[in-house]
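Thanks for coming, everyone. Let me put the structure up, and then we'll walk through it.

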Amino acid sequence: AVRTETHRYIRYADGSEELYDHTTDPHEWHNLAGKAEMRGLMDRLAERLPERDTPEAGRPRSTP
């Protein structure tokens, strides 16, 4: 997930996405990810995501 002063963008391992505008929806009830006009913002925020997922806190890491 990436958070700015106004938005939170989430991309899950399965590729699904969520986007919330905290100026109008502070409780994250309205996912804006399906709106075509949000694609540019989502793409810009996605650039800030790490290239690799990190292990979840508390879960043991698997060894290669």
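**Strands, a histidine and a core**

Start with the hairpin of strand 2 and strand 3: five residues lie between them, and glycine 15 in the turn has a positive phi of about 90°. This is a predicted model, where local features need pLDDT of at least 70, side-chain atom pairs count only at pLDDT 80 or more, and totals for chains, interfaces and linings use all residues. Residues are numbered from 1 along each chain as its sequence is written, and side-chain values use heavy atoms, with hydrogens and water left out.

Strands are DSSP runs of E, at least two residues; helices are runs of H or I, at least four; both are numbered from the N terminus. Two strands pair if DSSP finds at least two bridges between them.

Strand 2 pairs with strand 3 (residues 17-21) in the antiparallel sense, over five bridges. Isoleucine 10 stands opposite glutamate 18 in strand 3. Strand 1 (residues 2-3) and strand 2 are antiparallel too, over two bridges.

Now, histidine 7. It lies in strand 2 (residues 7-11). Is histidine 7 buried or exposed? Histidine 7 is buried, because its relative accessible area is 12%, and buried means under 20%, exposed over 50%, partly exposed in between (1.4 Å probe, protein chains only).

Last, the core. The largest nonpolar core has 10 residues, among them Val2, Tyr9, Leu19 and Met42. Helix 1 (residues 39-46) gives the most to this core: three residues. A nonpolar core here is a set of buried Ala, Val, Leu, Ile, Met, Phe, Trp, Tyr and Cys residues, joined through side-chain atoms within 4.5 Å.
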